Amino acid sequence: MIVVGGTYDERVIVPPHLELAGSGLRAAALLRDVPALRFITAVDERTRPVAESVLSTVGVPSTMVERDEPVGFTYFTPVSPPSVDGPSSSHREPLQAEDESALVFGMVEKGPRQVRSKRLVFDPQRPRDLRVLELDGLEAESITIVANAREIRSLAPSTRDPASAAFEVLGGSGAVALVVKDSARGCLIAQKGKETVERVGPYPTRSVWPLGSGDAFAAGYTQAWAKGAEPVEAARVGSSSAAWWCATQRMHIPPAILEGARVSDILTTASPELRVPDDLPLVYLAAPFFTLAERWLVETCRDVLRGLGADVFSPLHDVGPGGDEVAARDLEGLERASGVLALLDGWDPGTVYEVGWAHRKGLPVVGFLHGPGDEGTKMLVGSGAEIYADLSTALYRAVWAAQGEPLVGSRTGT
Amino acid sequence: MNTVLEAPVPEVADELQVGDELDLQLREGESVQVVVVDSLGRDAGAILAIGRLLECLREGFRFIAKVTSVDGGAIRVEVRPSA
């Protein structure tokens, strides 16, 4: 198998994190046990020795062409959109490879590529401003497109229904299958010759490091599909691989998962596949919004929850500030919700009231508490809430809980 | 920096406990690897290079990797400059 893709610095501000990865390097490392694996990438003079060291440590042979400047991504949190360093980087020499199977990621760098294989998976890796699938330089008997929901919406902007959008993009691509990575709702699979999409659910984990989860999905999918699995089964391997990565951050997918074992059979912190409902879950965002910092966090969480596949009832956005009259309207929203994400820093009385109300109604509650002092969490944890100091984990757990994932009263990292 | 120990050497890594402090050393061969060594001088595994770590180690700066968790086969370490 060949993996073609980027090698980029990845930096996160909160929690502090720095690694040399990028989709290509990460996927190659994750697939290190695949026989005759080869990684094709572009590096600059400064990055080359670090990349060579990393690839030597993980035992993956590589071919590196020269690019003219480094490329890096900086995220404020793992769920924030990144800023990109080196967006005009380019390489002259082609990324060239041929094998039975290939995983090709879209790259930041501009430059030629010539990849030939029997089965090829292409992941565009361009969540913003994707207008066309750039399949230039790719030759294969069968292609699967693996893209995230935002990319598919960009490619089919006039179609609101995700299934119709998937078939529209599939029809114009020449691929045999298209897999839509749908964050906390798993993925959708559209296949040539079929009229309906099939869904594979996520494997919820007790901690979530989402950066790179899509790369792990594509890696698992490619290996399973290359070995003959049908696209739906390959997507289950992809989903299991993504969960493994999210829970462990280990750049090495166990061979058992690539061969079809579910991550929940291997990791005690992973649940079996979650059968998600057809309708989007409604998450109630309980939070104070009096200061700029609080308001900023509410806006961020609302955007991310929606990106993860939830509808959100946010008292700030859906009712607005006001006097005593807002209480009844807030609670009407809570009445309709299927889960609650509570932003607990500062222990705002209104937020705590909403959490108690939700508990009495039997709604699952996930709390985010980043500041010091967890004395106030006793009642919440004691009544089944999960409290996290990690924002990414709290957001994913809230969406999963709203779709039926059982919670275990606990506090993690607080 | 927090990272996971790569290629743990079983007989050494199995003895590691949270709080143990390990040395980082450059191992030069066909390519350079950052090896993690225990207090007895035994290889415990390696970490993946980042940023300017290779340059700093070459220039003689010392770093330690402190074990922060041992979970099944996964050993997490926090890498920081040696005091």
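Predicted model: local features only at pLDDT ≥ 70, side-chain atom pairs only at ≥ 80, totals over all residues.

User: Ok, the contact. How many residues does it take from chain A and chain B?
Analyst: Chain A gives 19 residues to the contact, and chain B gives 17 residues.

User: What is the area buried between chain A and chain B?
Analyst: It comes to about 1,400 Å². Carbon and sulfur atoms give 54% of that area.

User: Why quote an area for an interface?
Analyst: The size of an interface is often given as the accessible area lost when the parts come together.

User: How many salt bridges are there between chain A and chain B?
Analyst: The count is one salt bridge. It joins the side chains of A:R32 and B:E6, with N to O at 2.8 Å.

User: And how many residue pairs are in polar contact across the interface?
Analyst: Five residue pairs, with both residues at pLDDT 80 or more.

User: Which elements of chain A give two or more residues to the side that touches chain B?
Analyst: These are β3 (17-21), α2 (48-58) and α6 (231-248) of chain A. The largest share comes from α2(A), with eight residues.

User: What does that side of chain A have by class?
Analyst: It has nine nonpolar, six polar and four charged residues.

User: Switching topic. How many salt bridges are there over all chains?
Analyst: The count comes to 30 salt bridges over all chains.

User: Pick one inside chain A.
Analyst: Take A:D215 and A:R26, whose closest N and O atoms are 2.6 Å apart. A:D215 lies in helix α5 (residues 213-226) and A:R26 in helix α1 (residues 22-30) of chain A, so the pair ties together parts that are 189 residues apart in sequence.

User: Are A:D215 and A:R26 buried or exposed?
Analyst: A:D215 has a relative accessible area of 4%, under the 20% cut-off, so A:D215 counts as buried. A:R26 is buried too, with a relative accessible area of 1%.

User: Which residues do salt bridges with shared partners join into one network?
Analyst: A:E10, A:E19, A:R26 and A:D215.

User: Now cysteines. How many disulfides are there over all chains?
Analyst: The count comes to zero. For A:C187, the nearest cysteine sulfur belongs to A:C246 and is 13 Å away. A:C187 counts as buried, at 1% relative accessibility. In chain B, B:C56 is partly exposed, with a relative accessible area of 23%.

User: Last one, the loop residue. Where is A:Q403?
Analyst: A:Q403 sits in the loop between α14 (391-402) and β19 (410-412) of chain A. A:Q403 is buried, with a relative accessible area of 7%.

User: What is A:Q403 in contact with?
Analyst: Leaving aside neighbours within four places in sequence, its contacts include A:A184, A:R185, A:L274 and A:P281. A polar atom of the A:Q403 side chain lies 3.2 Å from the backbone oxygen of A:A184.

Terms used. Residues numbered from 1 in each chain as written. Chains lettered and ligands numbered in written order. Heavy atoms only, no water. Contact = heavy atoms within 4.5 Å. Buried area = accessible area lost by both parts, 1.4 Å probe. Salt bridge = Lys/Arg side-chain N within 4 Å of Asp/Glu carboxyl O. Polar contact = N/O pair within 3.5 Å; in protein donor to acceptor, adjacent residues only side chain to side chain. Helix = DSSP H or I, 4+ residues; strand = E, 2+ residues; numbered from the N terminus. Nonpolar A, V, L, I, M, F, W, Y, C, P; charged D, E, K, R; others polar. Disulfide = S-S within 2.5 Å. Buried < 20%, exposed > 50% of the residue type's maximum accessible area, 1.4 Å probe, protein only.
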